[in-house]
Amino acid sequence: MDPVIVVGAGPVGLSLSLALARLGVPTVVLDETTGQEETRPARTVVLRPDTAAFVARLGCADTLESAGAHWSAWRTMRRRRLRERVTFAPRTPDGAAAPATASPLHLPQHALTRALRAALAHEKLAEIVTGSRLADLEQDEHGISAHTRGPNGTWWRGSYLIGCDGPRSTVRKLLDIRFPGRTAVERHAVAALRCELPWPGEALLHRSPPRPGGGPGNEVSARPLAGHVWRLDWLLPPGRELVTPDALVARIRDSLAGWTSESPAGPADETGAEGDAALPRGRGHGRLVPPYELLDTGVHTVHHRLARDWRQGRAFLAGDAAHLLGALGTQGLDEGLRDAENLAWKLGLAWHHGASDVLLDSYQAERRGAVAARLRAADQALPLLRDGRSARWRTVLPGAARGRSTLLTDGHLGRGPLGAPPVYARTPLGPPDGSTGGLLVETPPGAPVTDVAVTASDGSVVRLRDRLGRGLLVVLVAPGTGVWDRRHWQSAGLMPRLADAVDALPMDAEILVTEAYPGASAHTVLLVRPDGHLVTALSGVRPAEMAACANAVRGGAQGPAAGSGREAAGDAAASGAEAAREGDSSAVDPVGSTVLHSQND
């Protein structure tokens, strides 16, 4: 079978290719660049616990640890007064922390991209082709063909194609998919600098609210990175006024002086960073500016757009090609990585075993619905947060004296409607009626599961998120398993019956055991999708209900059972990337001609 073609080699495209390779699916990544990632310290990404865990499973855990920074707390300040301080749970050797208290991870985007490229370079089933600019697409009932121009110009034949090629997506344009939305929702000036601030390791949101009557306010955030580096973001007023280097340095110095007014003066207080003596010092309220080293600056414009369709036949959109968001602290890359995780396991099933339209369409139903809800929440909140009309705010959200600051904090920390992980409550892959067992736990169906400690079949104790990505997880809640003799644990209690039920499921599944799960009683059985969302919770071992739920997760596909044909699929995967090249004319002729020649445009 032909490989999956991924267009675009940013973090979303690379992570999708890696996730597919881990599932035994060959991929070809078409990269129109030279493959050299530009180093931009001010271009950073914030990963929530679920997306950070996804990237770590792809082989980037070491980079996340060395290049990323976990915050110890988040401060929300209003006119230099502390309004809220959220403390994050300290990290333990096994990374355990309750999701509600786990810190986001902040790292430079170029470090993440390079780590993904390095991991992909070790995958035999994946190939990155640089200098390949997409020019045309043709698809039929058996596959899809992509024509590229450039040094590696040729026709490529694939089973599926995913456009991860950014806001100006060529894939989206070739598919004639509309991309409506709003332009320049917000503008931010950004800077990366090395300095010492009064709260090491703590991120900050500092607001001067809009003046009564609609006057503009001021907003700046400071988020720590590794190596005593900080990224600062200033909300800019509406309009297209040019942000000059002098004006940006003045903003930096003004903010630093205000935050460190109680700090002792240093030798560089009067001039700032080396070479800044001739630049404006900023107001600073008469206070001295602490030493700092300016590393990088820029202006970031936030757009809100959502593609009308995310699937057209065998072609899909993901990441910025499908959606643009980022106002009020939300993170577009977070959503792009969730796209990749959601789509990878579904394409894995489709590639190995065939898939129904229900399964493939569920990608758009789940992910587009989740991003649309996020955009609606941001669009509703923006005028309330930015126009300064408190009366209107009280009308919409009565009694919310701290509403503005709390809503902004939620966006930055991944909480509430602006930032919380999505819940696929109306997924077409949900359990059929009568298959839920009438059991409820703290995690509702369709929501991400809590990352509890679990015992695997080999007796190792790991985190639940560490086992995601390959197949269905069947988690038995069995208090006291920590004292079992692990040599015999698979023959104890409900395990033999549960093992028989899992062996009969229509898709790959792994049994895990946990001491406890929030809201679950002993002998509860949780069915968890490969992307970590709960399918259902059952009271005890119910083979018929488990089979019905597993069949629903795979879209009710009529292909062969998960175990059959695996050897043949593995053989096809090993040669799929080579077969995609123009040299195999039987795999690449999309128009009935005998030979398609490479083009070097």
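Guide: Keep in mind throughout that the model is predicted.

Visitor: What is the phi of Ala 184 near?

Guide: Phi of Ala 184 is near 50°, a positive value in a residue other than glycine.

Visitor: Is Ala 184 exposed or partly exposed?

Guide: Ala 184 has 37% relative accessibility, so it counts as partly exposed.

Visitor: And Asp 176, where is its place?

Guide: Asp 176 sits in the loop between helix H4 (170-174) and strand E13 (181-195). Its phi is positive too, near 60°, and Asp 176 is likewise not a glycine. With 69% relative accessibility, Asp 176 counts as exposed.

Visitor: Switching to helices. How many residues of H5 are buried?

Guide: Eleven of the 15 are buried, so H5 is largely enclosed by the rest of the structure. Among the buried ones are Leu 248, Val 249, Ile 252, Leu 256 and Trp 259, and also Arg 253 and Asp 254.

Visitor: Which strands do the buried residues of H5 pack against?

Guide: They pack against E13, strand E14 (202-208), strand E15 (218-224), strand E16 (229-236) and strand E17 (292-306).

Visitor: What should H5 span, and how far apart are its ends?

Guide: Helix H5 (residues 245-259) should span 21 Å at 1.5 Å a residue, and its end C-alpha atoms are 21 Å apart, which agrees.

Visitor: Now H6 and H7. At what angle do their axes cross?

Guide: The axes of helix H6 (residues 332-353) and helix H7 (residues 357-386) cross at roughly 170° and come within 9 Å. The two helices are therefore roughly antiparallel to each other.

Visitor: Which residues make that contact?

Guide: On the H6 side they include Glu 335, Arg 338, Leu 343, Trp 345 and Leu 347; on the H7 side they include Leu 359, Leu 360, Tyr 363, Arg 367 and Val 371. By class, the contact of H6 with H7 has nine nonpolar, two polar and seven charged residues.

Visitor: On to sheets. What is the order of the one with E9 in it?

Guide: The order is E9-E10-E11, an open sheet of three strands with antiparallel pairing. Strand E9 (133-139) and strand E11 (155-158) are at the edges with a single partner strand each, so one side of each lacks a neighbour in the sheet. From one strand to the next, the twist averages 25°.

Visitor: How many bridges join E9 to E10?

Guide: Six bridges join E9 to strand E10 (residues 144-149), and the two run antiparallel. In that pairing Leu 134 stands opposite Thr 148 in E10.

Visitor: What about the sheet with E7, which strands are in it?

Guide: That open sheet has three strands in the order E3-E7-E4, also with antiparallel pairing. Strand E3 (44-47) and strand E4 (69-70) are its edge strands, each pairing on one side only. E3 and strand E7 (residues 105-108) pair over four bridges, and Val 46 stands opposite His 106 in E7.

Visitor: Which helices lie across E3 and E7?

Guide: Helix H2 (residues 49-67) lies across E3, E4 and E7, running at about 55° to E7. Helix H3 (residues 109-121) lies across E3 and E7, at about 85° to E7.

Visitor: Thanks, that covers my list.

Notes: Residues numbered from 1 in each chain as written. Predicted model: local features only at pLDDT ≥ 70, side-chain atom pairs only at ≥ 80, totals over all residues. Heavy atoms only, no water. Pairing = 2+ DSSP bridges. Axes fitted to C-alpha atoms, helices over the stretch in contact; angles between N-to-C directions. Contact = heavy atoms within 4.5 Å. Parallel < 35°, antiparallel > 145°, perpendicular 65-115°, else oblique. Nonpolar A, V, L, I, M, F, W, Y, C, P; charged D, E, K, R; others polar. Buried < 20%, exposed > 50% of the residue type's maximum accessible area, 1.4 Å probe, protein only. Expected span 1.5 Å × (residues − 1).
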